[in-house]
Amino acid sequence: MKPLYKLLLVLLLLFVVLLGVDFLVGRVLDKMADKLPDQSEVGLTHLSVKKVDAPVLIIGSSRARHHYNTRQIEDSLGMHAYTIARDAHFVSYQSAVLNSVLDRYTPKVVLWECGLNNLFSKERDAVHCLHPYYYDCDSLRSIIDKKEGASMAVKMRLNMYRYNGVASNILMLSRSAARPDTMQGFLPIKGNLKGNDTILKMPEVVADTVDAVRLDIFKNTIKRMRDQGVTVILFDSPVYELENPHRNMASEQAIKDVCAQYGVPVFDNRYLDEFRNSPEYFFDPTHINKEGTTVYTPIVIGQVRSVLEK
Amino acid sequence: MTLTSFAYLFFLPVVFVLYWLLFKRDKNWQNAFLLLSSLVFYAWWDWRFMALLLFTAGTSFFFGKLIAESDNEKRRKGLLVTVLLLNLGILVYYKYLGFFIQSFVDMFSLAGIELSVSTLNIVLPVGISFYTFAALSYDIDIYQRKVEPTKDWLAYFAFVTFFPSLLSGPISRATKQLPQYFQKREFSYDISIAACRMILWGAFIKLCVADTLGVYIDTIYANMNKHNGTTLFLAQLLYTVQIYADFAGYSFMAIGSGKLLGINLLDNFNRPYFAKTVTEFWRRWHISLTTWFRDYIYFPMGGNRVSKLRWMFNTVVVFVISGLWHGAAYTFLIWGALHGIVMVIERQLYGDKIKNLTSKFTLPNLVRMFITFNLVSIAWIFFRQNSVADAVHVIKSMFTDFGKPYINLQMFAPAFIALAIMWLKDLADEYGWRLKLLNNDRMVVRFVTALLLICYILLCGELDGNLFIYFQF
């Protein structure tokens, strides 16, 4: 055999064996992902995409996860509630998760803390951790394709690629990251602002542009929820300190325009009087602590009621 | 397209198969196809700068011919200076003009005069520092009569634009690489297998060590003021590892890609963190750049055949230039100067013994390695930070603000396993220990090792992540 053909044959053999191993690894990880504790980040994503069935959902990033006392909201509204927010995962992730939920069932109320600044193109907006569910849901798949390009359809054929970056969490069953104090997805934070932390260090997004892809994903998700009769309410929860004077309003305006178009109320709670100059309610400038949630959740409940009673 | 991109995963095999199946007729066909592939590769990145690449290759080829044809020393020198000015001028415009103007404005500002200069947003053409140096080496070598000029423009253009080394080296040298393009390359199974192993190993250390550590390091440095000195110290140590894994990984992939196409590129790394002195470190780190500076700047300045004081000056100047080659910023300048100064001090401490330190695994050598690693690591602080003030802040915090380091086990575990594998392999290679996996005598072991590395890359590598650190240079 010619040396070149011999080499190509060896590489082909390696590729075939790799596909076999990939199939087995994929199966094992699929099974293990089902056993992840819900209190871990990866487990929470798995639950959000595959299992959650509550009529009231709270979604967003860390500010949603730590600010809304789910049980209090559940008791007050008389409907089962669950927080499916994940730290550092923003509009596109949240939209993809909501779409996967809508593929399975129609929740009654969605409280969405999407972050009014999060449409800026320089803000983080990863959907990487949703790769394992690429083939589970068409709408989730289309969001990943929109965000990461058409080549994803080829890459995702490899199970190991689908689980890239998530596999180590699954293999450890995410135990080290599991937070047992999580209650129905809500995780209160303990601690107060200290020293330098009292200075607001929000990223100053100046003269940045609104990400068209992100805006499109957000708009389609809002539209779909409204078409299916979901009551959607947008929130932005308190921040410590005054408004960032350099803030560009484009993202905020784009979100508010979409909401106005589809009749979605927006409660901009960032500068509530109850929280202004009250460092005891904050863990850091952008996150309220456990004490803060006891003040904030009743305000949210009141706002939700006002919408539901209309 | 980068060497770890999804596109390259298809590009290289297609080029490889076409090259050996359809274009194997003679060297002209091979060179033409290499040139075409390289241009496609470069245009994939940014087609607008292709003209610049071809201009550099064209002028160096043309002037090389003129220099060789002339017997008049003055004219030869004039021609060399012209081509140097032309190509270095382009480099200076794209890379340094903004820096010089800003320094100028700052200087006036210190004197209380505020100048209003609009900011220059010049986009740096990728790979410009690398291909300019490759092209210039040809003209300088012709001037120094080390190499004969070629009439084969196709071979020359294929040499300057050769895609595996185009973006981040190893910096090609006319004396060593160009003759390979004058003859037809023959396929070799053994060399190709070795090349595949190099590419795989390079991808492993880049994606599983450098990029996964990079996620942690970038997180820390993005919020530097929020972290204590211990965390900054840890981040800095890891950056020392990251930059090695990043650049060595790239170099292995480039050299492996070159071998697959029958072209040998220069070695670029030889386990630099096993160096016992900073002087030795530079014989092991970015070898193609170090030897370029040695041959074209250090030796013409007199090298070490000058007075001690002049030698000290030469050494520091060469390293300052090397620092500035990396980027137009004071941080790079300080980084280069620090290396030069430490080398001068080492020479005073060790004398001529510095050339003859044994490479045995002994306690004194371990201590020397430890000291060298830490000196290099401290210098990297200036290399990594955006400003001198940031670098000083990191150093100050490291020695004053102690506390519990921020560690994310989920993030760390895969990176540390990969790091341990890389370190073990380097250790075994350094001391000749028998730990053969990818090049084991038994095929099954080789096969399984390759398979495991691929699986590890797919599962734990940072696949959609960072560019190579050296791309910015």
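Biologist: Where in chain B is the place of Q180(B)?

Modeller: Q180(B) sits in the loop between α9 and α10 (189-222) of chain B. Helices here are DSSP runs of H or I with at least four residues, and strands are runs of E with at least two, numbered from the N terminus. This is a predicted model, in which local features need pLDDT of at least 70 and side-chain atom pairs count only at pLDDT 80 or more, while totals for chains, interfaces and linings use all residues. Residues are numbered from 1 along each chain as its sequence is written, chains are lettered from A and ligands numbered from 1 in the order in which they are written, and side-chain values use heavy atoms, without hydrogens and water.

Biologist: Why is Q180(B) called buried?

Modeller: Its relative accessible area is 14%. Buried means under 20%, exposed over 50% and partly exposed in between, with a 1.4 Å probe and protein chains only. Q180(B) is therefore buried.

Biologist: What makes the pair of Q180(B) and N264(B) close enough for a polar contact?

Modeller: A polar atom of the Q180(B) side chain lies 2.7 Å from the backbone nitrogen of N264(B). A polar contact needs N or O atoms within 3.5 Å; within protein, one must be able to donate a hydrogen and the other to accept it, and residues adjacent in sequence count only if both atoms are side-chain atoms. The distance of 2.7 Å is within that limit.

Biologist: Which residues is Q180(B) in contact with, leaving aside neighbours within four places in sequence?

Modeller: They are R185(B), G262(B), I263(B) and N264(B). Contact means heavy atoms within 4.5 Å.

Biologist: What are the domains of chain B?

Modeller: Domain 1 covers 6-186 and domain 2 covers 191-276 + 357-460; such bounds come from an automatic or database domain assignment. Their C-alpha centres lie 29 Å apart. The contact takes 23 residues from domain 1 of chain B and 16 from domain 2 of chain B.

Biologist: How many salt bridges and polar contacts link domain 1 of chain B and domain 2 of chain B?

Modeller: The salt bridge count is zero, a salt bridge being a side-chain nitrogen of Lys or Arg within 4 Å of a carboxyl oxygen of Asp or Glu. Seven residue pairs are in polar contact. On the side of domain 1 of chain B that touches domain 2 of chain B, α1(B) gives the largest share, six residues.

Biologist: What area do chain A and chain B bury between them?

Modeller: About 2,700 Å², 75% of it on carbon and sulfur atoms. Buried area is the accessible area (1.4 Å probe) that two parts lose on being put together, summed over both. The contact takes 36 residues from chain A and 28 from chain B. Between these chains there are zero salt bridges and three residue pairs in polar contact. On the side of chain A, α1(A) gives the largest share, 15 residues. By class, that side has 22 nonpolar, nine polar and five charged residues.

Biologist: What makes helix α2 (residues 41-50) of chain A mostly covered?

Modeller: Nine of its 10 residues are buried, among them E41(A), H46(A) and V49(A). The buried residues of α2(A) pack against elements of chain A including α1, α3 (62-67) and β2 (81-83).

Methods: Ala, Val, Leu, Ile, Met, Phe, Trp, Tyr, Cys and Pro count as nonpolar, Asp, Glu, Lys and Arg as charged, and the others, Gly among them, as polar.
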